[in-house]
2 protein chains.
Amino acid sequence: MNEPTAIPGYSYGTSAVPPSPVTLADFELMKKSVLFGDEDVEYLRLSHDVVKDHVEAILDVWYGFVGSNPHLLASFTGKRDGEPLGDYLGAVRERFGQWILDTARAEYDQKWLDYQHEIGLRHHRAKKNRTDGAASTEIVPFRDLFLLVVPVTFTLKPFLAKKGHPAEDVEKMYLAWVKSCLLQMTLWTHPYVKDGDF
Amino acid sequence: MNEPTAIPGYSYGTSAVPPSPVTLADFELMKKSVLFGDEDVEYLRLSHDVVKDHVEAILDVWYGFVGSNPHLLASFTGKRDGEPLGDYLGAVRERFGQWILDTARAEYDQKWLDYQHEIGLRHHRAKKNRTDGAASTEIVPFRDLFLLVVPVTFTLKPFLAKKGHPAEDVEKMYLAWVKSCLLQMTLWTHPYVKDGDF
Ligand code: HEM
Ligand code: HEM
C-alpha cells in the first residue's frame with residue numbers, strides 16, 4: 001500500500017489500526033519456522049508484476065470457489081435469512097484485491113504487522129461486519145482459515161505463469177505465496193487462540 | 001495403525017483416547033475447503049510404499065531441523081534448565097515415525113479422528129509431557145504449528161521420489177501430504193482455540 005487509496009475500509013498504515021500483539025522479533029522466528037528467506041521475498045516481488053494485471057480474474061476464481069461452497073458462503077450471508085449479501089461481498093472484494101498486491105509487495109514493517117492483526121480481528125467475532133456495517137454471521141469459523149490457503153494458492157499458480165517465466169520460477173513464486181499465506185494466517189488467527197497459548 | 005504395536009504411549013484406536021469434538025461430517029466439509037479428494041487418498045497411499053523404507057532417514061531430517069532451531073527445540077527441553085531432554089525426544093520420535101505411516105495410510109474413520117484430537121491435546125498444555133512423564137515446557141506454542149507444515153512436507157519431497165515415480169506423481173503425493181497435514185493440524189489445534197470459535 002502506502003499510495004493513497006480510495007478503497008472503503010482499507011485502513012492499512014493509518015492510526016485506526018491497533019498495534020499487533022506479535023512483535024517483529026517474534027515474526028523473525030516465525031519466518032524461520034516456515035523456511036521463509038530472502039529468496040521468498042524476491043519471488044513474491046517478482047510475482048507483483050505478474051499478478052497486478054490479473055487481479056479481477058484471480059478474484060473471480062476465488063469468489064467462485066467460495067460461492068460454490070455453502071459452508072464457506074455462509075460467512076457472507078445475512079444472519080437472519082441466510083441469503084448472500086451482495087454489498088458485503090463487493091466491499092470485501094475490493095480490499096481482497098488490494099491484499100493480493102500487498103502480499104506480492106512483501107514489505108514487513110510494523111504497519112504491515114499491525115494490519116495483519118486487523119485482518120484477523122475482521123474475520124473474528126471481535127470485528128467481523130463492522131467495517132462494512134454488514135448484518136452477517138458473527139465469526140468466520142477457525143476450521144476453514146488455514147485450509148483455504150490451498151485453493152487460494154493452487155488456483156493462483158496458472159496466473160503466476162502468465163508472463164512466461166520459466167516453470168522453475170513459477171514454482172518458486174508459488175511456494176513463496178504458500179509460505180506468506182501461512183505466516184499471515186498465523187498472525188490473523190491470534191484473536192481465535194486462548195490467552196497465553198499463541 | 002490397527003496392527004498391534006509396542007510403541008510406548010501410542011494409544012491410537014484404544015479406549016484411552018477421548019472422542020474428538022469434531023464430527024466426521026464436519027471433517028467432510030473441511031476436506032472440501034482444502035480441495036482434498038479421492039485422488040489425494042490415492043496418492044497418500046501410493047506414498048506409503050515409498051516412505052515406509054525411509055522412516056528413520058526422514059526423522060533424521062526433521063529432528064535436524066527442530067534441533068537446529070532453538071525456538072523449536074525449546075519444547076523438548078527441561079522446564080528448569082532449558083537442556084534438551086534426550087529421553088523425551090526419543091520417545092516422541094517413535095510415535096512420530098508411526099505417524100508418517102498412519103498419514104500415508106489415509107484411513108479416516110472415528111478412531112483416526114479421535115486420535116487427531118489426542119495428538120492436539122499432547123501439543124497443548126492440556127496433555128503435553130504426560131504421555132512420557134517429561135519435565136518439559138507447558139505447551140507447544142500455537143504460532144509454529146502450521147508453519148512447520150512447510151519444512152515437514154518440503155523435506156519429504158526428495159524421499160517421495162526414491163522409488164522412481166514420474167515427477168508428476170511425486171508432485172501429487174507431495175500436494176496430498178500438504179493437504180493432509182493442514183487438515184490434521186486444524187484438528188490438532190482445536191484445544192488452542194477459544195470456545196465457540198472453531
Ligand atoms: C487463505 C485464506 C484467506 C484469505 C487470504 C483471506 C483474505 C481476506 C482479506 C484480504 C479480507 C479483507 C481484509 C480487509 O478488510 O482489508 C478478508 C475478509 C473476509 N474474509 Fe477472508 N480470507 C481467507 C479465508 C477466509 C475464509 C475461509 C472465509 C470464510 C468463508 C473468509 C471470509 C471473509 C469475510 C466474511 C471477510 C469480511 C470480514 C469483515 O467483515 O470485515 N475468509 N479475507
Ligand atoms: C507439521 C507440524 C508437526 C507435526 C506433523 C507434528 C507431529 C507430531 C507427532 C506425530 C507427535 C507424536 C504424537 C503422539 O503422541 O502420537 C508429536 C509430538 C510432539 N510435538 Fe509435534 N508436530 C508438529 C509440530 C510441532 C512443533 C512446531 C513443535 C514445537 C517445536 C512440536 C513439538 C512436539 C512435542 C513437544 C511433542 C510431544 C508432545 C507430548 O508431550 O506428548 N511439534 N508431534
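**Figure 1. Packing of helices H6 and H10 in chain A of a predicted model.** Axes are lines fitted to C-alpha atoms, for helices over the stretch in contact, and the angle between two of them is taken between their N-to-C directions. In this predicted model, helix H6 (residues 110-123) of chain A packs against helix H10 (residues 167-188) of chain A at an angle of about 65°, and the two axes are 7 Å apart. The crossing of H6(A) and H10(A) is right-handed. On the side of H6(A), the residues that meet H10(A) are Trp112(A), Leu113(A), Gln116(A), His117(A), Ile119(A), Gly120(A) and His123(A). Their partners in H10(A) are Gln184(A), Leu187(A) and Trp188(A). Sorted by class, this contact comprises five nonpolar and five polar residues, with no charged residues.

**Figure 2. The aromatic pair of Trp62(A) and Phe96(A).** Over all chains, the count of aromatic pairs comes to 38. In the pair shown here, the ring centres of Trp62(A) and Phe96(A) are 5.4 Å apart and the planes stand at 55°, so the pair is classed as tilted. Trp62(A) is buried, at 6% relative accessibility, whereas Phe96(A) is partly exposed, with a relative accessible area of 27%.

**Figure 3. The stacked pair of Phe146(A) and Phe146(B).** The ring centres of Phe146(A) and Phe146(B) are 3.5 Å apart, with 0° between the planes. This pair crosses between chains: Phe146(A) is in the loop between helix H7 (142-145) and helix H8 (149-154) of chain A, and Phe146(B) is in the loop between helix H6 (110-123) and helix H7 (149-154) of chain B. Both Phe146(A) and Phe146(B) are buried. They belong to one aromatic cluster, which also includes Phe142(A), Tyr192(A), Phe198(A), Phe142(B), Tyr192(B) and Phe198(B).

**Figure 4. Arginine charges over tyrosine rings in chains A and B.** In chain A, the charged end of Arg93(A) sits over the ring of Tyr63(A), 5.4 Å from the ring centre. In chain B, the charged end of Arg93(B) sits over the ring of Tyr63(B), 5.5 Å from the ring centre.

**Figure 5. The surroundings of Glu171(B).** Glu171(B) lies in helix H9 (residues 167-188) of chain B. With a relative accessible area of 29%, Glu171(B) is partly exposed. Apart from neighbours within four places in sequence, Glu171(B) is in contact with Glu171(A) and Lys157(B).

Conventions: Residues numbered from 1 in each chain as written. Chains lettered and ligands numbered in written order. Predicted model: local features only at pLDDT ≥ 70, side-chain atom pairs only at ≥ 80, totals over all residues. Heavy atoms only, no water. Phe/Tyr/Trp six-rings, centres within 6.5 Å; stacked < 30°, edge-to-face > 60°. Buried < 20%, exposed > 50% of the residue type's maximum accessible area, 1.4 Å probe, protein only. Helix = DSSP H or I, 4+ residues; strand = E, 2+ residues; numbered from the N terminus. Lys NZ or Arg CZ within 6 Å of the ring centre and 35° of its normal. Axes fitted to C-alpha atoms, helices over the stretch in contact; angles between N-to-C directions. Left-handed = near helix turned anticlockwise from the far one by under 90°. Contact = heavy atoms within 4.5 Å. Nonpolar A, V, L, I, M, F, W, Y, C, P; charged D, E, K, R; others polar.
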